[in-house]
2 protein chains.
Amino acid sequence: MHDDDIANTMRALGHPVRLEILRILATQQQGQCCCADVTDSLTLAQSTVSQHIKVLLDAGLIERKPHGTRNRYCLRHDKLAELNSAFGGLLKGLAPVAANKETEQA
Amino acid sequence: MHDDDIANTMRALGHPVRLEILRILATQQQGQCCCADVTDSLTLAQSTVSQHIKVLLDAGLIERKPHGTRNRYCLRHDKLAELNSAFGGLLKGLAPVAANKETEQA
DNA sequence: CCGGTTGATCGGTGAATTACGATGGAAAAT
DNA sequence: ATTTTCCATCGTAATTCACCGATCAACCGG
């Protein structure tokens with residue numbers, strides 16, 4: 001994961017509504033989460049929610065599964081894990097050099 | 001750390017130049033990092049760099065120490081750690097419900 | 001078919017972001 | 001004291017973002 005990708009993902013996470021959407025998706029069991037559900041727990045217009053969803057989609061953080069008249073969304077836990085490790089790597093890279101140099105072996 | 005704070009910090013991290021600035025600050029030993037150093041390893045105008053620095057400053061990710069004619073910047077490792085735990089908590093909250101213990105009620 | 005529902009996408013508006021050069025003020029060097 | 005260096009800030013243009021209402025394709029139930 002490169003800087004640009006990380007920054008991109010971070011920006012996708014950089015909005016409280018989008019964080020909330022992720023949480024909503026997490027609380028529903030996978031497969032039950034359609035756009036309408038998200039919309040009416042969010043006091044935002046449907047188009048706005050759809051747009052936020054698109055951002056998360058583009059960032060690869062969630063997945064769309066068309067299912068008849070409703071679309072289902074769910075978290076992409078693989079991406080989340082990837083992001084987690086990338087984020088860990090980022091923070092590790094920012095750690096003080098003095099702390100790294102002795103405990104550097106594997 | 002609330003959603004808004006997390007989102008705010010994430011947005012601060014949501015730009016490759018700012019990630020790069022953090023990395024630059026990390027590689028210099030603490031206290032040696034003035035704005036000019038950052039600027040000329042970045043092919044951006046000084047004012048632009050200063051603005052990015054301000055964003056990081058406002059997010060609390062870095063610290064300014066005026067020092068004569070030069071300002072010194074350094075990472076705020078405490079904030080970074082805080083962010084790390086907040087991020088971990090976020091991801092944990094997004095983990096599949098099945099993986100969460102039932103002792104979730106606090 | 002026809003009407004109802006879902007939800008992505010389009011068009012528009014106002015605010016925020018990103019970039020730049022220019023300005024100004026404060027310390028350091030002369 | 002004058003000049004030089006550093007750099008935060010201002011002003012500004014271009015771009016993107018967040019939000020909305022409206023629209024339209026697709027699907028399902030009659």
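1. Symmetry of the two chains. Chain B can be laid on chain A with an RMSD of 0.1 Å, by a turn of 180° and a shift of 0.0 Å along the axis. That is the relation of a two-fold axis. The same surface serves both copies: 97% of the contact residues of chain B recur in chain A. Keep in mind that this is a predicted model.

2. Extent of the protein interface. In the contact between the chains, 29 residues of chain B meet 29 residues of chain A. About 2500 Å² is buried between chain B and chain A. Carbon and sulfur atoms give 70% of that area.

3. Polar links across the interface. Two salt bridges are counted between chain B and chain A. A salt bridge joins the side chains of A:R23 and B:D3, at 2.8 Å from N to O. The count of residue pairs in polar contact between chain B and chain A is four, with both residues at pLDDT 80 or more.

4. What builds the chain B side. Three elements of chain B give two or more residues to the side that touches chain A: helix 1 (3-13), helix 2 (16-27) and helix 5 (77-94). Helix 5 of chain B gives the most, with nine residues. By class, this side of chain B has 18 nonpolar, six polar and five charged residues.

5. By class, the surface near DNA strand D has six nonpolar, 12 polar and four charged residues.

6. Specific pairs at the DNA. On the phosphate side, a polar side-chain atom of B:S50 lies 2.4 Å from a phosphate oxygen of DNA strand D. From chain A, an N or O atom in the side chain of A:H52 is 2.6 Å from a phosphate oxygen of DNA strand D. On the base side, a polar side-chain atom of B:Q46 lies 3.0 Å from a base nitrogen of DNA strand D.

7. Elements at the DNA. Chain A supplies helix 4 (46-58) to the surface near DNA strand D, with two or more residues. Chain B supplies helix 3 (35-40), helix 4 (46-58) and strand 2 (70-75), each again with two or more residues.

How values were computed
Residues are numbered from 1 along each chain as its sequence is written. Chains are lettered from A and ligands numbered from 1 in the order in which they are written. Side-chain values use heavy atoms; hydrogens and water are left out. A polar contact is a pair of N or O atoms within 3.5 Å; within protein, one must be able to donate a hydrogen and the other to accept it, and residues adjacent in sequence count only if both atoms are side-chain atoms. Helices (H or I, at least four residues) and strands (E, at least two) are DSSP runs, numbered from the N terminus. Ala, Val, Leu, Ile, Met, Phe, Trp, Tyr, Cys and Pro count as nonpolar, Asp, Glu, Lys and Arg as charged, and the others, Gly among them, as polar. Copies are superposed by least squares on the C-alpha atoms of residues with pLDDT of at least 70 in both. Contact means heavy atoms within 4.5 Å. Buried area is the accessible area (1.4 Å probe) that two parts lose on being put together, summed over both. A salt bridge is a side-chain nitrogen of Lys or Arg within 4 Å of a carboxyl oxygen of Asp or Glu.
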